[in-house]
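Reader: Hey, can you walk me through this model? I'd like to hear about charges, cavities and helix packing.

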Amino acid sequence: MDSSNNMPSSYTTTTTTKVVLVPHFDPTYTRTIPGLLKIACMVLNIVGFICVMTTRGYYWSRADWFSFVAMTGFWVTGILLVFYLFHLIERTHFLPWNLMEFIFCGVWTFFYLIAASLAAAAGNIAGFAAAAFFGFGAMLCYGYDAFLKFNAWRNGELAQGERITSSSSATSPAAF
């Protein structure tokens with residue numbers, strides 16, 4: 001009931017999700033902050049992998065762990081980048097992409113903390129020192145991306161596409 005004139009009020013909220021169902025290449029994603037973070041993560045992943053694999057001691061378990069983290073991060077991030085570039089994320093807007101990416105980025109931040117710390121512990125070998133540097137850089141990139149994805153998920157944003165919410169109110173006369 002409306003307190004000013006004892007008349008009930010009715011409110012209607014309409015939410016429309018606008019998506020493009022046809023996959024198309026859109027290179028503008030690479031100029032956004034999430035796109036740049038994905039590219040930076042891929043570069044740091046591959047450079048760190050090369051550093052650890054070209055050093056003596058590449059057969060140590062710490063090198064194997066770093067290689068697993070770097071290559072899995074490289075391929076998953078690359079696949080996500082392709083999904084965003086071709087608007088495949090937008091086609092599947094009903095999936096919680098922001099939550100899934102937040103979990104992935106959070107886990108990879110933790111994995112890179114471990115991998116880069118192990119590489120830094122063998123820092124007397126140049127390849128491991130360089131891998132540690134790139135690993136900590138990747139950890140920061142994944143951490144910032146996790147922060148952005150968490151905020152987007154908490155605010156109910158779509159990963160790609162747009163959601164339009166409109167509200168309208170109508171007043172109906174009181175029944176006697």
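Predicted model: local features only at pLDDT ≥ 70, side-chain atom pairs only at ≥ 80, totals over all residues.

Reader: Okay, charges. How many salt bridges are there?

Author: There are three, where a salt bridge is a side-chain nitrogen of Lys or Arg within 4 Å of a carboxyl oxygen of Asp or Glu.

Reader: Which residue does Lys 38 pair with at 2.9 Å?

Author: Glu 101, with 2.9 Å between the closest N and O atoms. Lys 38 sits in helix 1 (residues 33-53) and Glu 101 in helix 4 (residues 97-121), so this pair links distant parts of the chain, 63 residues apart. Helices here are DSSP runs (H or I, at least four residues), numbered from the N terminus.

Reader: Are Lys 38 and Glu 101 buried or exposed?

Author: Both are buried. Buried means under 20% relative accessible area, exposed means over 50%, and partly exposed is in between, with a 1.4 Å probe and protein chains only. Glu 101 counts as buried because its relative accessibility is 2%.

Reader: And what does Asp 145 bridge to?

Author: Asp 145 bridges to Lys 38, and the closest N and O atoms are 3.8 Å apart. Asp 145 is in helix 5 and Lys 38 in helix 1, so this bridge ties together parts 107 residues apart in sequence. Asp 145 is buried too.

Reader: Where does Lys 149 come in?

Author: Lys 149 forms a salt bridge with Glu 101, again with closest N and O atoms 3.8 Å apart. That pair links helix 4, which holds Glu 101, to helix 5, which holds Lys 149, across 48 residues. Lys 149 counts as buried because its relative accessibility is 7%. Through shared partners, Lys 38, Glu 101, Asp 145 and Lys 149 are joined into one network.

Reader: Switching topic: how many cavities of 30 Å³ or more are there?

Author: One. On a 1 Å grid over the protein atoms alone, a cavity is a set of points where a 1.4 Å probe fits but cannot get out, and lining residues have an atom within 4 Å of a point. The largest cavity has a volume of about 50 Å³, a volume being the space filled by probe spheres set on the grid points, which are joined across faces, edges and corners.

Reader: What lines the largest cavity?

Author: Its lining includes Lys 38, Glu 101 and Asp 145, along with Leu 37, Cys 41, Thr 77 and Tyr 142. Helix 1, helix 2, helix 4 and helix 5 each supply at least two lining residues. The lining divides into six nonpolar, one polar and three charged residues. Ala, Val, Leu, Ile, Met, Phe, Trp, Tyr, Cys and Pro count as nonpolar, Asp, Glu, Lys and Arg as charged, and the others, Gly among them, as polar.

Reader: How much space is in the largest pocket?

Author: About 170 Å³. A pocket is an open set of points with protein on both sides within 12 Å along at least five of seven lines. Lys 149 is one of its lining residues, and others include Tyr 29, Pro 34, Tyr 84 and Asn 98. Helix 5 (residues 126-154) gives the most to that lining, with three residues. The lining has seven nonpolar, one polar and two charged residues.

Reader: Which helices does helix 1 pack against?

Author: Its buried residues pack against helix 2 (61-85), helix 4 and helix 5. Those buried residues include Gly 35, Leu 44 and Val 52.

Reader: And what about the buried residues of helix 4?

Author: They pack against helix 1, helix 2, helix 3 (88-91) and helix 5. Among them are Trp 97, Trp 108 and Thr 109.

Reader: What does Thr 109 contact?

Author: Leaving aside neighbours within four places in sequence, Thr 109 is in contact with Met 139, Tyr 142 and Gly 143, contact meaning heavy atoms within 4.5 Å. Thr 109 counts as buried because its relative accessibility is 18%.

Reader: Last one: what does Ala 146 touch?

Author: Ala 146, found in helix 5, touches Phe 102, Cys 105 and Gly 106, not counting residues up to four places away in sequence.

Conventions. Residues numbered from 1 in each chain as written. Heavy atoms only, no water.
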